Amino acid sequence: MTESWSGSESADDAEHADRIVSANSDDIERAAEAALRPRRLEEFVGQPVVRDQLSLVLHAAMNRGATPDHVLLSGPPGLGKTTLAMIIAAELGTSLRVTSGPAIQHAGDLAAVLSSLTEGEVLFIDEIHRLARPAEELLYVAMEDFRVDIVVGKGAGASAIPLSLPRFTAVGATTRAGLLPAPLRDRFGFTGHLEFYDAQDLERVILRSARLLNITIDQDAAAEIASRSRGTPRIANRLLRRVRDWADVRGSGHMDLAAARAALAVYEVDELGLDRLDRAVLHALCTRFRGGPVGLSTLAVSVGEEPETVETVAEPFLVREGLMARSPRGRVATAATWQHLGLVPPADGATLFS
Ligand SMILES: Nc1ncnc2c1ncn2[C@@H]1O[C@H](COP(=O)(O)OP(=O)(O)OP(=O)(O)O)[C@@H](O)[C@H]1O
Ligand SMILES: [Mg+2]
């Protein structure tokens, strides 16, 4: 599961959030998402393992009247890390303070946040892998000893004044757990790994969102949207909104299977959730390069894109779905690629990987 996203899908490709099947979100979308976030653990669909583990961690701490261990949430964009952080605070009946790695430029910024915490609060640090090193070191001490050392003065005359902090729970979120230094990772008592959702769970996400948005949708339409959502609730919710648009403007307002299919055809999202760019890449790979191997930049040029776009935006999902493989000599098509495009692989089979 990790290989498909540990590489590069994250804030770096936020500029591709306008792509309908992007797992990233922009500001406008975040507002739409806020309305759909589950507020309590029991409303949170799927992820049974993480949900169960987290429930134990939280309830055990509450029974003891203590603050729970620090929690690290890792997984690809759009799977529910921010949602879970909010749920943790809600379950504990406490407030949530939100910051993020990129927002903390200096250790002093973090010291200010930490010293303003109140007893039992949850501090959410999004994109924690992007914290600057000095801030990270300050965080180690804060998480372990509930203390920050405020440095006063400069040079030889500088001294550190320890300031003790109230007990708090840090919740870190990262799309790239691999980038976290071991000392930081070790200070989290519990790490939850979010996995891609199966179609059934996504269908439940869609039905739940439809209910909240006051739209009526047939179950088979929800299933159709779910199967094209790349295992990601954020994409499922987005496709649901686009299908609603179609149903309102061109249909009867009711979302049935025909409306779902017609809307997704307009947005060029195919049965597997591939969009135009994904298919262009696969098409070029098969028809221009006989299924590869072909170098990333050559492949990117042939579809008129930057190599980085192909690598970070299209490739992770294609590789995860087995529609493309990476080999030491370049990108190659698999049997599934030819099949998905309805093409016949070259007869000599020399370039065929499966
Ligand atoms: N288990 C779930 N049940 C219902 N809705 C969910 C679930 N997980 C995520 N969502 C929905 O998907 C959207 C995206 O979730 P969220 O913002 O928590 O993702 P994230 O993992 O924090 O993504 P990023 O890495 O981009 O920050 C939210 O609007 C939320 O409503
Ligand atoms: Mg988030």
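# A guided tour of the predicted model

Begin with domain 2 and domain 3, whose centres, taken over C-alpha atoms, are separated by 28 Å. The model on screen is a predicted one.

**The whole chain**

Colour the chain by domain: domain 1 covers 37–193, domain 2 covers 199–266 and domain 3 covers 276–341. In a cartoon view, the chain shows 15 helices and 9 strands. The C-alpha trace spans about 75 × 50 × 30 Å along its principal axes. Of the 354 residues, 40% count as buried.

**Ligand 1 and its surroundings**

Select ligand 1 next and display the 22 residues that surround it; Glu33, Gly80, Lys81, Thr82 and Thr83 are the closest. Colouring the shell by residue class gives 8 nonpolar, 10 polar and 4 charged residues.

**Thr82 and the annotated positions**

Centre the view on Thr82, which is found in helix 4. UniProt, in an unreviewed entry, places the feature "binding site" at this residue. Is Thr82 buried or exposed? It is buried, because 20 other C-beta atoms lie within 10 Å. Leaving aside neighbours within four places in sequence, Thr82 is in contact with Asp126 and Ala173.

Now select the positions that the unreviewed UniProt entry lists for "binding site": Leu36, Arg37, Gly78, Lys81, Thr82, Thr83, Glu144, Asp145, Phe146, Arg187, Tyr197 and Arg234. These positions are spread over 199 residues of sequence and are also spread in space, up to 36.9 Å between C-alpha atoms.

- Gly78 is found in the loop between strand 1 (71–74) and helix 4. With 27 other C-beta atoms within 10 Å, Gly78 is buried. Not counting residues up to four places away in sequence, Gly78 touches Ala23, Thr232, Pro233, Arg234 and Ile235.
- Phe146 lies in the loop between helix 6 (133–145) and strand 4 (147–152). Phe146 counts as partly exposed, with 15 C-beta neighbours inside 10 Å. Leaving aside neighbours within four places in sequence, Phe146 is in contact with Ser164, Leu165 and Arg167.

**Past helix 4**

Follow the chain to Gly93, in the loop between helix 4 and strand 2 (96–100). Gly93 counts as exposed because it has 8 C-beta neighbours inside 10 Å.

In soluble globular proteins, nonpolar side chains tend to be buried together. The largest nonpolar core here has 64 residues, of which Ile88, Val171, Ile206, Ile225, Ala236 and Val243 touch the most other members. This core draws at least three residues from each of domain 1 and domain 2. Zoom in on Ile206, which touches Ala222, Ile225, Ala226, Ala236 and Leu240, not counting residues up to four places away in sequence. Then select Cys286, Phe317, Leu323 and Val332, which are included in a second, separate core of 18 residues.

**Backbone details**

The last stops concern backbone geometry.

Which residue lies in the loop between helix 2 (27–34) and helix 3 (48–64)? Gln47 has its place there. Its phi is near 50°, a positive value in a residue other than glycine. Gln47 is buried, with 21 other C-beta atoms within 10 Å.

Move on to Arg290, in the loop between helix 12 and helix 13. Arg290 is not a glycine, although it has a positive phi of about 50°. Arg290 is partly exposed, with 16 other C-beta atoms within 10 Å.

Finish at Pro293, found in the loop between helix 12 (276–287) and helix 13 (296–302). Display the peptide bond from Gly292 to Pro293, which is cis, with omega near 5°.

Key:
Residues numbered from 1 in each chain as written. Chains lettered and ligands numbered in written order. Predicted model: local features only at pLDDT ≥ 70, side-chain atom pairs only at ≥ 80, totals over all residues. Near = placed C-beta within 6 Å. Nonpolar A, V, L, I, M, F, W, Y, C, P; charged D, E, K, R; others polar. Helix = DSSP H or I, 4+ residues; strand = E, 2+ residues; numbered from the N terminus. Buried ≥ 20, exposed ≤ 12 C-beta atoms within 10 Å, placed from the backbone. UniProt positions renumbered as here; feature names shortened; annotations may be inferred. Contact = placed C-beta atoms within 7 Å. Domains from an automatic or database assignment. Core = buried A, V, L, I, M, F, W, Y, C linked by C-beta atoms within 7 Å.
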